[in-house]
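User: I would like to learn how to read the features of a structure like this one. Could we go through them together?

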Amino acid sequence: MFFSNDNSSSTANRVMELDADLGSVRRVFTVGVGPNGLGISSDGARVYSANYASGTVSEINVASGNVRNTNLIAFKPSNVIVPSGNRMFLIASSAMTPFS
């Protein structure tokens, strides 16, 4: 299970992986500013973070634990939808835009 934290605490601007059985944080990933929504690829290999304040999307490789890409985009993303295949949709305000 993954969740994001965009507040001003010491864990701000991070995505965390939770061990649901133990109820503790397993790993922490630093992403762009203001992570707001997460999307997970259909195979579970990648987690995408929509970083509202920095206008970026970060890609986390779940197996390696590395943040592989943080891509600057032209609008403030608030959520990510990752259907099967190689496309994702970013939600910004009321617009839904394909991004690949």
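User: What should I know about the numbering and the ground rules?

Analyst: Residues are numbered from 1 along each chain as its sequence is written. As this is a prediction, local features need pLDDT of at least 70 and side-chain atom pairs count only at pLDDT 80 or more, whereas totals for chains, interfaces and linings use all residues; side-chain values use heavy atoms, without hydrogens and water.

User: How is strand S8 joined to S9?

Analyst: Two strands pair if DSSP finds at least two bridges between them. Here three bridges join S8 (residues 79-81) to S9, and the two run antiparallel. Isoleucine 81 stands opposite phenylalanine 89 in S9. The two strands form a hairpin with six residues between them, and glycine 85 in the turn has a positive phi of about 100°.

User: How many helices and strands does the chain have, and what is its average pLDDT?

Analyst: There are zero helices and ten strands. As for pLDDT, that is the predictor's confidence in each residue, from 0 to 100. The chain averages 81, and 85% of the residues score at least 70.

User: How many salt bridges does the structure hold?

Analyst: A salt bridge is a side-chain nitrogen of Lys or Arg within 4 Å of a carboxyl oxygen of Asp or Glu. The structure holds five of them. One of these joins glutamate 17 and arginine 27, at 2.6 Å from N to O. That pair links distant parts of the chain, with glutamate 17 in strand S2 (residues 14-19) and arginine 27 in strand S3, ten residues apart. Another joins arginine 26 to aspartate 19 at 3.2 Å, N to O. Glu17, Asp19, Arg26 and Arg27 are linked in a network of salt bridges.

User: Are glutamate 17 and aspartate 19 buried or exposed?

Analyst: Buried means under 20% relative accessible area and exposed over 50%, with partly exposed in between (1.4 Å probe, protein chains only). Glutamate 17 is buried because its relative accessible area is 7%, and aspartate 19 is buried because its value is 14%. Arginine 27, in contrast, counts as partly exposed because its value is 25%. Over the chain, buried residues make up 37% of the 100 residues.

User: Which residues make the nonpolar surface patch?

Analyst: Patches are made of residues with over 30% relative accessible area and no salt bridge: like charges are joined within 9 Å, and nonpolar side chains (Val, Leu, Ile, Met, Phe, Trp, Tyr) within 5 Å. Phe3, Val25 and Val28 make a patch of about 230 Å², with areas from the Shrake-Rupley method and a 1.4 Å probe, where only the protein chains shown count as cover for residues. Valine 25 lies in strand S3 and is partly exposed, because its relative accessibility is 42%.

Technical notes
Helix = DSSP H or I, 4+ residues; strand = E, 2+ residues; numbered from the N terminus.
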